[in-house]
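Take the points in order and keep the structure in view.

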Amino acid sequence: MIETCFLEGRGDLSEWRDAARTFLQAGIEPKAIDWRLRSEEQGLFGAEPVSSKAEVAPTRLAANNPAPLSVPAAFLRLASALVCHSDPGRFALLYRLFFRLQAERHLLDLKTDADVALAHRMQKSIGRDYHKMTAFVRFKEIPLPPGVAGRRRFLAWFEPDHFIVARVAPFFQRRFNDMDWIIATPRGSASWDGQTLLTSTKPAEKPDITDETDELWRTYYASIFNPARLKVKMMMTEMPKKYWKNLPEAELIPSLIAGAEAKLIDMGRRQATEPLPFHHRLQEAAARMPDAPIVEAGTIEALRHEASGCTRCDLHCRATQTVFGEGPANAKVMIVGEQPGDQEDLAGRPFVGPAGRVFDEALALAGLERQALYVTNAVKHFKYEPRGKRRIHQRPNAGEVEHCRWWLNREIDLVKPKLVVAMGAAALFSLTDRKDRLENVRSRPIVMDDTRTLFVTVHLSYLLRIPDKVRRDEELARFRDDIRQIGRLAS
Amino acid sequence: MRKSLKERLAILSDAAKYDASCASSGTTKRNSSASGGLGSTEGSGICHAYAPDGRCISLLKILMTNFCIYDCAYCINRSSSNVERARFSVEEVIWLTLEFYRRNYIEGLFLSSGIIRSSDHTMEEMVRIARELRSTHNFRGYIHLKSIPEASPQLIEEAGLYADRLSINIELPTDAGIEKFAPEKRPDNIRQSMGNLRLKIEEMSDPTLQTRRRKTFAPAGQSTQVIVGADAADDATILGTSARLYGSYGLKRVYYSAFSPIPDASKNLPLIKPPLMREHRLYQADWLYRFYGFEISEITASRPDGMLDLDLDPKLAWALGHRDRFPVDVNRADKETLLRVPGFGTKTVRSILSTRRFKRLRLEDVGCLGVSLKKVKAFIVAEDWTPHRLIDRADLRTMFAPKPEQLSLL
C-alpha cells in the first residue's frame, strides 16, 4: 500500500520532520510513500487535500513499538537545507537517507553514495542560492513622508531559485539593524522594523520603485571596470544572466563589453602627453631635498646610517633591514653574535627575540647591565629560507661573513672595547679569521692584541635549538658561567 | 568649476581599479544586532557584483585623492600623467560608504590615496574616515586601508584599530625594479612597514596580563600586490618574492595584477595586452605553495627559463615532470601525496579520506566526488582501475595541453 503525504513544501523543516518520524516509527519503506505538495493537489482538483501528515494510519502505528529515533547532527543540517530546495524529489530523498541512516550510521561520510552525493549537490545549490541572495539583493529607499522623522525605510525585490527567504532573513537582520526593510520575493518575503523579524511564505508581487543612488552605483560599476581585461565568461559564471533583471548595474554590461575594444585602441593611439607644470615643480623640490639626515662623520651614528644601505652581499635583498649594533659608543665590552634572527630582522635591533631573552636572563644572573654593553652581530642581515608561514634560520657562509667583517672592524675601531666576546663560530671567524672548534677555545680569555682580550662562547640560537631538555639545561648553565666570567673580566 | 560628486566618483574609482585586492573575508565575525548599528562580517566575504573584466566587486574601492607627488611609471596617478584629478572630502567618503552599504551594493570600504603634501597628512585623513565610520556611525562592515609607507607608527597603529586589513603594495618583485619604475619609493621602507605591522599584530593578539583579552588589531591581516609583466622579472623571481613576504611578514595574501595599459601611459612601459593567463598561473602556483605543501623551487623547476607553463596548470606540469611519483593509490596514499595529484583539490582529498574509512574506492566513486576523471585517470590507482602504461606515455602532455588554435587571418 502506498501512503500519500501532502506538505506545504516552502522551506519548513518541521512539517517534513514530523511526518517522516511518524512514517519511520511505523516502519514504512521509502518506496511506499508518495510525497506530494499541497499546492499541486489544489491545482489538480481545486479543493482542499484530504490527506495530510497527521493522518498516517494511526492503527498501524500502535502495532509498532516506537523506538526513539536519532540522527547525526550533520543530517539535520542537511535536511534543513534540503527542504528549501525546489526539486519535488527532495522529500523522498531525505526520507531515503533518514531510513537508511538507522542501519548505516556512517552513511553521510560515504561521499560516493548516490543518495549522499545527490543530497550534497542539492545542499550546495541551496548554499549558492543563499550566498547569491546575500550578494544580489538591492535595497531601494522609500522616502519618509515630508515632516516625518524616524527610521529610514528600504524595500528590495529578489527572485531566489529556492524557498530560502526565511533561511536568509536573519542574515539581513544582523546586518541592516538600524533601518526598516522588506525583502519581497515570489517565494515569500521578510521584514524587519527594529523589533521583530517577520517572514512569510506567500508569493509577493514585484514592486515598482526607484532609488536615485542607483545612478551613483552605476557610475562606480562602469568606472571600476578595466576594459583591458575583458573576461566575460568569468563574470557570467559568477553573476548569471538570470539575476540581471533585478540588478541596477546590469543594464550597463552590454555597452561596457561592446565599448571595451574601442577604449583600448583609443588608449594606445593617444601619444603620451607632456606633464603639467606641477610635476616639474615636484621634481625640482625633490631634487633639493637632502639625501640623508645630517650626522657627524666618523661617529657610530654615521656608520649605522651608512650600513643601513649596505649591498655588499645579496642578503640585503631578502632581509627586512640592516640590524646594526647598539650600545654606548665607548662600551668596555662588545658582544658579537652570529646574525640577527626573525624578530631582530623585524624590529631592526640585535638580541631582541627569544635568543635575546636568554641573553638578558644570563646577564641579570651575572649582575651585568645590558645598557653598558655594545651588542652586535658578525653578519648584519638575517639569512633564512622561507618555509610556508615561517622563516628557517640559515647559517651565513664564509663569504658573507667576510663581506660583513668590514662593518664589524669599523665598529671595533670606533667603540674600542677592552673585551670582545665572540658568540659562536661565525663571530669567531669574523674576528680572528680562524675556524677553530669552539670547544677548544671556549670559556677562557684569549689575547687579541695589546689592548684587547677575546672571549669565546656559544651563540644563543644554538642553545635554543638543543632538543633534549636535560642537555639544554646543562648547556644553559655553562653559558651562564661564561657570562659570569665575562663580568669578572670586564671589571 | 567644482566637479560633481558623480564626476569625482568616476575619476577616483577609475584611479583605484588597478589594485586587484577585493577580499572581504577572514576578519572577525561581528554584526550589529546587539549594537543596533549597521553592518556585519560573517567569515566568508561576499562579492556583490562582477564587472565584465571578471573581477568581483566586493568593496567600494576608491582613492581619497588621485593627486600624487610620486612619479611611479606604472601608475595611472603618477605626477607626470595628465589624467583628470579630483579629491573627496572625509565626509563624502563616509556618506558614499554608508549609502552604498545600506543598498547592499558592497561589503565595505577599500580606501587608498595618492600621496599629497606629506605621508602623515594623507594617512591622517584616511584614519579619520575609518574612525568616524566606526565610532560616529556604528559601522561594522569591512574596512581595508592602504597604509602609506612613510606614515608615522602612531597613525598606523590607530589605523589597525579601526581597519580589518592594512596593506602596502610592493608593486614590483625586485628592489631593482622598484628603483627603476618607482624612484621615490623605498623598498627597504616598505619591508620595514610590513615588519612593524607584523610585530604590532602579534603584540596585540597576545592576551594581556590584566584581562587576558586579545585586542583586535587589523584582524584580517595584511596583504600586498605585485604587478606582473611591467618589468622583466620571471615567475620564479615573483614567486620567490611572495614566499619571502608570506614567511617574513605573515601576509594573508599576495595579489598578482597583470600589468594592463593605462591611459596616458609612460613611454617607458610596454603597451601590451595584460598577461592574464600568466597572472592566473601565478595564482595557482601561489595556492600550491600555501595549501598543497609545494616548495616554490618545485613549482618553478619544470622550465629552464623560470617561467610557469602557460598551457598546463602548475600542478599538472609538476606531475608530468615527476612521473616516478605516480600512479597514486587513492585507497592507501597519505594526505600529502593525494594533494599532489593533478585534479584533486583539498576538498576532494578530504572526501576521499572520509569515504575510504568505510569502503574501497573505485574509479567511478572518484568520479562521484566531482573530479574530472579524464584528468586524474593517468595518475591514480583505484579498486578497479590502474593506468598501466598510461603514466609512461611520451605523449601524455599532449593529452592535457590545449588544442593548437589556428590564428585568425586578420
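**Notes on the two chains**

1. Start with chain A. Contacts between residues 24 or more positions apart make up 71% of those in chain A with a separation of 6 or more. Bear in mind throughout that this is a predicted model.

2. Chain A contains 19 helices and 14 strands. Its 491 residues, if packed as a compact globule, would give a radius of gyration near 23 Å, but chain A has 38 Å. The C-alpha trace of chain A spans about 115 × 75 × 50 Å along its principal axes. Of the 491 residues, 35% count as buried.

3. Ser14(A) and Phe429(A) are 415 residues apart along the chain, and their C-alpha atoms are separated by 78 Å. Ser14(A) sits in helix H1 of chain A. Is Ser14(A) buried or exposed? Ser14(A) counts as exposed, because it has 9 C-beta neighbours inside 10 Å, and the cut-off for exposed is 12 or fewer.

4. Four domains divide chain A: domain 1 (3-133), domain 2 (151-209), domain 3 (224-268) and domain 4 (277-490). Domain 1 of chain A brings nine residues to its contact with domain 2 of chain A, and domain 2 brings eleven residues. On the domain 1 side, the residues touching domain 2 are four nonpolar, three polar and two charged.

5. Now look at helix H4 (residues 73-82) of chain A. Which residues of this helix are buried? They are Leu78(A), Ala79(A), Ala81(A) and Leu82(A). These residues cover an arc of only 160° around the axis, so they lie on the same side of H4(A). The general rule is that an α-helix has 3.6 residues a turn, so residues three or four places apart point the same way.

6. The other face of H4(A) reads differently. Turned away from the buried side are the exposed residues Ala73(A), Leu76(A) and Arg77(A). Cover for the buried residues of H4(A) comes from elements including helix H1 (13-25), helix H5 (90-101) and helix H6 (114-136) of chain A.

7. Turn to chain B. It has 15 helices and ten strands. For 410 residues, a compact globule would have a radius of gyration near 22 Å, and the 24 Å of chain B agrees with that. The C-alpha atoms of chain B fill a box of roughly 75 × 60 × 40 Å along the principal axes. Of its 410 residues, 50% count as buried. Among contacts in chain B between residues at least 6 apart in sequence, 67% join residues at least 24 apart.

8. Last, confidence. The model scores ipTM 0.94 and pTM 0.91. Chain B averages a pLDDT of 90, and 96% of its residues score at least 70. Within chain B, confidence is highest in H2(B), at 98, and lowest in helix H15 (residues 396-400), at a mean of 83.

Conventions. Residues numbered from 1 in each chain as written. Chains lettered and ligands numbered in written order. Predicted model: local features only at pLDDT ≥ 70, side-chain atom pairs only at ≥ 80, totals over all residues. Domains from an automatic or database assignment. Contact = placed C-beta atoms within 7 Å. Nonpolar A, V, L, I, M, F, W, Y, C, P; charged D, E, K, R; others polar. Buried ≥ 20, exposed ≤ 12 C-beta atoms within 10 Å, placed from the backbone. Helix = DSSP H or I, 4+ residues; strand = E, 2+ residues; numbered from the N terminus. Arc of directions from axis to C-beta. pLDDT = per-residue confidence, 0-100. Rg over C-alpha atoms; globule rule 2.2 N^0.38 Å.
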